[in-house]
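Subject: Handover of a protein structure

Dear colleague,

Please find the structure below, together with its sequence.

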Amino acid sequence: MTSVLNVDTIADKAGTGPVGLTKQSAAKAYSRVDPNTISSSLNVSSLTDAGTGLFEDNFTNAFSAATYSSVASPGGSTNIQMMFATNMTTYTTSASRTSIYQNATGYRDEQYSTARFGDLA
């Protein structure tokens with residue numbers, strides 16, 4: 001027999017807030033950044049512009065260690081997307097830095113998306 005669970009909200013035991021993700025294998029933070037502006041995020045409180053092509057996502061809730069995994073991908077138009085290398089370059093428990101580099105022009109501001117996987121503090 002197939003089961004179906006239909007809900008509008010899943011709350012914590014007290015019924016006052018969302019369920020916290022702590023030990024599950026799900027992204028604990030993500031961000032979609034359109035140059036210099038966060039357009040969508042989870043567990044990212046703010047963005048620091050650290051220079052051309054260098055952005056630091058500041059986490060709302062810290063990770064338990066600076067050894068979490070990150071993935072990043074460039075955004076923008078599809079005809080230039082493959083020319084970019086988007087790298088996570090600096091990790092702390094409260095923030096991580098993303099660099100966007102194009103071989104032909106060097107560091108540049110461009111759309112990007114990131115996701116982080118690990119345990120929250």
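Is Ala62 buried, partly exposed or exposed? With a relative accessible area of 30%, Ala62 is partly exposed, because that class lies between under 20% for buried and over 50% for exposed. Please note that this is a predicted model, and that the values below are computed from it.

Ala62 lies in the loop between strand 4 and strand 5, the latter spanning 69-74. Leaving out residues up to four places away in sequence, Ala62 touches Thr93, Leu120 and Ala121. Ala62 and Ser94 are 32 residues apart in sequence, yet their C-alpha atoms are 4.7 Å apart in space.

Overall architecture

The protein has nine strands and one helix. Read from the N terminus, the order of elements is β-β-β-β-β-α-β-β-β-β. Of the contacts between residues at least 6 apart in sequence, 56% join residues at least 24 apart. Buried residues account for 28% of the 121 residues. The accessible surface comes to about 7300 Å², and carbon and sulfur atoms contribute 51% of that area.

The nonpolar core and a surface patch

The largest nonpolar core consists of six residues: Ala29, Val44, Phe59, Phe63, Tyr68 and Leu120.

Leu5, Val7, Ile10 and Val19 make a nonpolar surface patch of about 420 Å². Leu5 is placed in the segment before strand 1, which covers 29-34. Its relative accessible area is 72%, so Leu5 counts as exposed.

Salt bridges

The count of salt bridges comes to four. Three of them are described here, beginning with the pair Arg97 and Glu56.

The side chains of Arg97 and Glu56 meet at 3.5 Å, N to O. This pair links distant parts of the chain, with Arg97 in strand 7 (residues 95-102) and Glu56 in strand 4, 41 residues apart. Strand 4 itself spans residues 54-59. The two side chains also make a polar contact, again at 3.5 Å. Arg97 is partly exposed, with a relative accessible area of 25%. Neighbours within four places in sequence aside, Glu56 is in contact with Ser46, Leu47, Thr48, Ala95, Ser96 and Arg97.

Another salt bridge joins Asp34 and Arg32, whose closest N and O atoms are 3.6 Å apart. Asp34 is partly exposed at 24% relative accessible area, and Arg32 is likewise partly exposed at 29%.

Which residue forms a salt bridge with Arg108? The partner is Glu110, and the closest N and O atoms of this pair are 3.6 Å apart. Glu110 counts as buried because its relative accessibility is 9%, under the 20% limit. Arg108, by contrast, is partly exposed, with a relative accessible area of 27%.

In brief, the points to look at when opening the model are the six-residue core that includes Ala29 and Leu120, the nonpolar patch that includes Leu5, and the salt bridge between Arg97 and Glu56.

With kind regards

Notes:
Residues numbered from 1 in each chain as written. Predicted model: local features only at pLDDT ≥ 70, side-chain atom pairs only at ≥ 80, totals over all residues. Heavy atoms only, no water. Helix = DSSP H or I, 4+ residues; strand = E, 2+ residues; numbered from the N terminus. Buried < 20%, exposed > 50% of the residue type's maximum accessible area, 1.4 Å probe, protein only. Contact = heavy atoms within 4.5 Å. Areas by Shrake-Rupley, 256 points an atom, 1.4 Å probe, with all protein chains shown as cover. Patch = residues over 30% accessible without salt bridge, like charges linked within 9 Å, V, L, I, M, F, W, Y side chains within 5 Å. Polar contact = N/O pair within 3.5 Å; in protein donor to acceptor, adjacent residues only side chain to side chain. Core = buried A, V, L, I, M, F, W, Y, C linked by side-chain atoms within 4.5 Å.
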